[in-house]
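Please look through the structure below with its helices and its aromatic side chains in mind, and the paragraphs that follow will lead from one to the other.

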Amino acid sequence: EGYLDLLQLYQSGIKNVVAISGTSLTDQHAKLIKRYCNNIYLAYDGDDAGISAAIKASYILMKNNLSVKILSIPKGKDPDDWIKDDGVEPFNNALKNSLETIEFQYKHNNTSDTSFDLSQFINSIINELSQIDDPIVQELQCKILAKISNISEAAILKKLENLSNS
């Protein structure tokens, strides 16, 4: 169904679009995309599977030195349906208000559900960040994580360093 999303976006004036079309994004995809651009905006479906896939894809893209932001698509919608139902303007607004990966992940994990564990959340992100070779990207992401979690950047960087040295 990704091809329908691509076609709808293109017909609505959003021209620089790629569809993964039901497959998982890989490092090879990211390297190919890197040949053409450095900034990526992910617009996966607004269901739980789409949210999880967007987060997973964003870390793969970051690992391959791409700058990534994720659009918040309404629950139960995909980009194709959303534009058909509401027009392109809400999509463009979501594009302007897209979130850094960690902010998006926090927003979708820290709900009113009492099972949210901040420590586990931070550790899972640090595990993802440890896969990124660029220390500048790592530090920038740690700053975002520190800001949203109210945990010191020093503690997050120390944990990342400890993980990288093991």
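A residue is called buried here when its relative accessible area is under 20%, exposed when that value is over 50%, and partly exposed in between. The model is a predicted one, and in it Trp82 has a relative accessibility of 6%, so this residue counts as buried.

Trp82 belongs to helix α4, which spans residues 79-86 and whose buried residues are Pro79, Asp80, Trp82 and Ile83. The elements that cover these buried residues include α1 and also α5, the helix of residues 88-96. After α4 comes Gly87, a residue with a positive phi, near 85°.

The aromatic side chains can be taken next. Searching the whole structure gives two aromatic pairs. In the pair formed by Trp82 and Phe91, the ring centres lie 6.0 Å apart and the planes meet at 65°, and because planes over 60 degrees apart count as edge-to-face, the pair is placed in that class. Phe91, with a relative accessible area of 3%, is buried, as is Trp82 at 6%.

Helix α1, already named among the elements covering α4, covers residues 2-11 and contains Leu7. Leu7 has a relative accessibility of 43%, and therefore counts as partly exposed. Together with Tyr3 and Leu4, Leu7 makes up a nonpolar patch on the surface, and the accessible area of the three together is about 300 Å².

A further arrangement involves a charge and a ring: the charged end of Lys15 sits over the ring of Tyr10, at 4.0 Å from the centre of that ring.

Note on methods:
Residues numbered from 1 in each chain as written. Predicted model: local features only at pLDDT ≥ 70, side-chain atom pairs only at ≥ 80, totals over all residues. Heavy atoms only, no water. Patch = residues over 30% accessible without salt bridge, like charges linked within 9 Å, V, L, I, M, F, W, Y side chains within 5 Å. Areas by Shrake-Rupley, 256 points an atom, 1.4 Å probe, with all protein chains shown as cover. Salt bridge = Lys/Arg side-chain N within 4 Å of Asp/Glu carboxyl O. Helix = DSSP H or I, 4+ residues; strand = E, 2+ residues; numbered from the N terminus. Buried < 20%, exposed > 50% of the residue type's maximum accessible area, 1.4 Å probe, protein only. Contact = heavy atoms within 4.5 Å. Phe/Tyr/Trp six-rings, centres within 6.5 Å; stacked < 30°, edge-to-face > 60°. Lys NZ or Arg CZ within 6 Å of the ring centre and 35° of its normal.
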